[in-house]
Amino acid sequence: MYDSTLNEPLLSPAEHAAPKWRPVTDESPLTKLVLIAIALGGLAVLVLAPLAVVFAEALAKGAAAAVTSLTKPEAWSAIKLTLIVAAVSVPVNAVFGIAAAWTITKFDFRGKAFLITLIDLPFSVSPVVAGLALVLLFGANSVLGGWLVASGFPIVFALPGIVLASVFVTFPFVARELIPVMIEQGRTEEEAALTLGASGWRVFLTVTLPNIKWALLYGVLLCNARAMGEFGAVAVVSGKIRGQTATMPITIEMLYNEYLSVAAFSLAALLAALALLTLALKTMLEWRHADQLAATRRH
Amino acid sequence: MHIEIDEIAKTFGATTALHPVSLPIPSGALVALLGPSGSGKTTLLRILGGLEFPTSGRVLFDGQDATGLSVQDRRAGFVFQSYALFKHMTVFENIAYGLRARPRRSRPPEAEIERRVTKLLELIQLPQIAGRFPNQLSGGQRQRVALARALAIEPRMLLLDEPFGALDARVRKELRHGLREIHDTTGLTTVFVTHDQDEAMELADLVVVMSMGKIEQVGRPQDIRARPATPFVREFIAA
């Protein structure tokens, strides 16, 4: 505490009348403007413009042409295949991710750091390498692959290979979202439930799962987006058989290389729309459960 | 319920949390485990509750060996240091949790659950908060809800880990009385952990002073004050 009258001789009345101050965390208007312009500009050039171009190219010869191209058997088979691959790999990785995050955060054991690194491996390995590894392991030239083909269950150049590649590439998403949340939450709520007589499974369903559901949702959405969009690993294992093992991204590339730009961009627009749909879904859920989100968050 | 701690020891890897300790806890007593952090008091409490298992030694409940009894089967009402209320459930659902978790044949009907939760809310003198979420409660209210939740399972004993640790001084005094009253009404054997010697001396029938994983002294508060058994006890209660 100091006596404010002490300052008076140092300041002229005019300076007193208009004290220049602003919150310490605030920037000058110019800095603000520049920063906002950079952010919006970046967003426009890097995100909005490419997206707009895709939709514009798709509709270049009219909406009817775009829809017709999507109803062709080749496009239709690609759409079905992509949806099947996502429908299998997302639940598989949700279960894997929960199990991995649970094991890592709730128990202490040797080799934990190694396990965490292993979970990150698909992020650091190029998808093409992952695809090649699957081909070497399960391809017709390997012992295992030869036997699988002979017994009528081929993996490479078939649906199981595409699913395996997608599962591999999207493996880290759910676990990576869950681990920090579960570490932050600790174990005491689970312990409390146990002392109240709940079985392990009941504890998981009534305490753990509600606590991680938002992180799980983000993980699942990211996983889904990547599973539908994966190109590199799938390109190697699928063999790109038109109408059979070509997913949406693969088909888009093939159509584009054949200068069928309306067909290519229509399919690309549909793929982008699926991604936008998942984002919209997420935002809607957040919006509808805003009160609940606020209530369960820690202070 | 009478609790007998018989030569319990606990090691975590290379560190020894508890040297073999023995302690009889008479039925219906209110016991304080008093000591600085790292004295092993919380470990001992968690062993009683079945959240940790001892490296060696036995725990007897009314003369029966309960060392290997699972946490669910112990029926120990446990109040955690930060209360560990379920954030996504209302106060009502928090308290009802233990009743709903029972196997189907021993699970009370919904009307009975409601009756019991209401009664417990009256016992903790918070009858009007059933519909609130934990983050809408004050620290003192949370503590009492945690106590009601632990009592809902009709526990055989009550175990509390630093039950007043997160509260300010005034609320702390009030809730000490609250715990004493609940103990006297229910007659449950109650063990609580604290590092605050005033709290232990004021509240407990029996104080167990611990240090470095060993029991330094066991006695009534006035006896410990009058005749500290070791230099550690003398220094600790003088602080």
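1. In this predicted model, strand β1 (residues 3-12) of chain B pairs with strand β2 (residues 15-25) of chain B in the antiparallel sense, over seven bridges. Strands here are DSSP E runs of at least two residues, and helices are H or I runs of at least four residues, numbered from the N terminus; two strands count as paired if DSSP finds at least two bridges between them.

2. The strands belong to an open sheet of four strands in chain B, ordered β2-β1-β4-β5 with antiparallel pairing. Its edge strands are β2 and β5 (64-65) of chain B, each of which pairs on one side only.

3. On conventions, residues are numbered from 1 along each chain as its sequence is written, while chains are lettered from A and ligands numbered from 1 in the order in which they are written. Because the model is predicted, local features need pLDDT of at least 70 and side-chain atom pairs count only at pLDDT 80 or more, whereas totals for chains, interfaces and linings use all residues, and side-chain values use heavy atoms, with hydrogens and water left out.

4. Chain B is divided into domain 1 (1-75 + 155-213 + 230-239) and domain 2 (85-154), with bounds that come from an automatic or database domain assignment. The centres of the two domains of chain B, taken over C-alpha atoms, are separated by 24 Å. Their contact (heavy atoms within 4.5 Å) takes 15 residues from domain 1 of chain B and twelve residues from domain 2 of chain B.

5. Between these domains of chain B the buried area is about 980 Å², and carbon and sulfur atoms give 75% of it; buried area is the accessible area (1.4 Å probe) that two parts lose on being put together, summed over both. P155(B), L175(B) and I182(B) supply 48% of the area that domain 1 of chain B buries against domain 2 of chain B, more than any other three residues.

6. The count of salt bridges (a side-chain nitrogen of Lys or Arg within 4 Å of a carboxyl oxygen of Asp or Glu) between domain 1 and domain 2 of chain B is zero. On the side of domain 1 of chain B that touches domain 2 of chain B, β7 (157-161) and α6 (169-186) of chain B each supply at least two residues, and α6(B) gives the most, with six residues.

7. The contact between the chains takes 24 residues from chain A and 21 residues from chain B. The area buried between chain A and chain B is about 2000 Å², of which carbon and sulfur atoms give 58%. Two salt bridges are found across this interface of chain A and chain B, and the side chains of E189(A) and K87(B) meet in a salt bridge at 2.7 Å, N to O. The elements that give two or more residues to the side of chain A that touches chain B are α10 (188-195), α11 (200-229) and α15 (290-296) of chain A.
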